[in-house]
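Good morning, and thank you for joining this meeting. Please have the sequence and the coordinates open in your viewer while I go through them.

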Amino acid sequence: MNHSTYSRLHIARDHGVATVTLDNPPVNVLDVALMHDLRRFLTATRDDPHTRVIVFQSADPEFFIAHVDMTLIDEPHAFDEIAKDAPDGLNPFQALGEMIRAQPQVTIVKLEGLARGGGAEFVAAADMTFAAIGRAGLAQCEALMGIIPGGGATQYLSQRMTRGRALEVILGADLVDAQTAERYGWVNRALPADELEGFVRRMARNIAALPPGVIAAAKKAIPPTDLRSGLHREHEAWAELFALAAAEKLIRGGLRAGAQTKAGERNLERLLRDLDVQAD
């Protein structure tokens, strides 16, 4: 595989572990280029017998995946080519999550920074996530933009936590720290930041070193839940809201106020709440 063909990913392989570093500055938004690379990598690796574990991390320790590219509001057809390959009834963001969930390898997210919106949905789609205390944060902040999550969060979170907590995350729209995320079931463990790298490396290598057939048997015995009907409902609800003028106004306002810049993303929820107040 020619790794140079990936414009937004750096890939290293060792002891059956593929470490995928996301590198889409300034804040790793999930845009067409990053999604294209992720889909190509997952497809190319699916049948690779030498890769048994995939670890996702970020080149920027402050941001894992900020969220879906908000400039989609100005380029509504940007994802059309990717959407052609999505299963019927799913949008391309949901299709990416389902690709991750269906991957035969064990998928692990090493979460050091912030993951909101589509980034948080990416985290929830992975088999395991380990998060750095004091650095990692997760948020489904879409409600502050007049929409709901549209990349699987309504379904994935319902598998990981109680309905009440899923509604708290989606409608409360706050940034959730690593320890709270662990308590809610959003991530596997919250670890001291200086222990995260070593822990994930050991976990990934130990799994990759298991006898042949063990990983496949475990994933067969504990299959991902079929969420297709729920994802259809989510997409319909998301699309209806996304088409409203209120959502367009809030998303454009967020971009003008600094979303998708490092400064703006550090306090994105406050930035978006201020827009809501101005709209009132």
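I begin with a definition: a residue is called buried when its relative accessible area is under 20%, exposed when the value is over 50%, and partly exposed in between, using a 1.4 Å probe and the protein chains only. This is a predicted model, in which local features need pLDDT of at least 70 and side-chain atom pairs count only at pLDDT 80 or more, while totals for chains, interfaces and linings use all residues. Residues are numbered from 1 along each chain as its sequence is written, and side-chain values use heavy atoms, with hydrogens and water left out.

Let me turn to the overall fold. The protein contains 13 helices and 10 strands; these are DSSP runs numbered from the N terminus, with helices being H or I of at least four residues and strands being E of at least two. The radius of gyration, taken over C-alpha atoms, is compared with a globule rule of 2.2 Å times the number of residues to the power 0.38. For 280 residues that rule predicts a value near 19 Å for a compact globule, and the protein agrees, at 18 Å. Along the principal axes, the C-alpha atoms fill a box of roughly 60 × 40 × 40 Å.

Of the 280 residues, 52% are buried. A contact here means heavy atoms within 4.5 Å. Among contacts between residues at least 6 apart in sequence, 74% join residues at least 24 apart.

Next, the core. A nonpolar core is a set of buried Ala, Val, Leu, Ile, Met, Phe, Trp, Tyr and Cys residues joined through side-chain atoms within 4.5 Å. The largest one has 53 residues, and F64 and W186 touch the most other members. Leaving aside neighbours within four places in sequence, the contacts of W186 include A120, A124, L138, L157, M161 and V176, and also Q140 and R160.

I now come to M99, in helix 3, residues 92-102. Is M99 buried or exposed? It counts as buried because its relative accessibility is 12%. Beyond residues up to four places away in sequence, M99 touches R39, L42, T43 and R46.

Most residues other than glycine have a negative phi, and most peptide bonds are trans. The peptide bond from P25 to P26, however, is cis, with omega near 10 degrees. P26 lies in the loop between strand 2 (17-22) and helix 1 (32-45). That loop also holds N28, whose phi is positive, near 55 degrees. N28 is buried, with a relative accessible area of 2%.

V29 is found in this loop too, and it counts as buried at 11% relative accessibility. Which residues does V29 touch, not counting those up to four places away in sequence? They are N24, L34, I65, A66, H67, D69 and Q260. By contrast, V29 and D226 are 28 Å apart, C-alpha to C-alpha.

Finally, Q260 sits in the loop between helix 11 (245-257) and helix 12 (262-266). Its phi is positive, about 75 degrees, although Q260 is not a glycine. At 14% relative accessibility, Q260 is buried.
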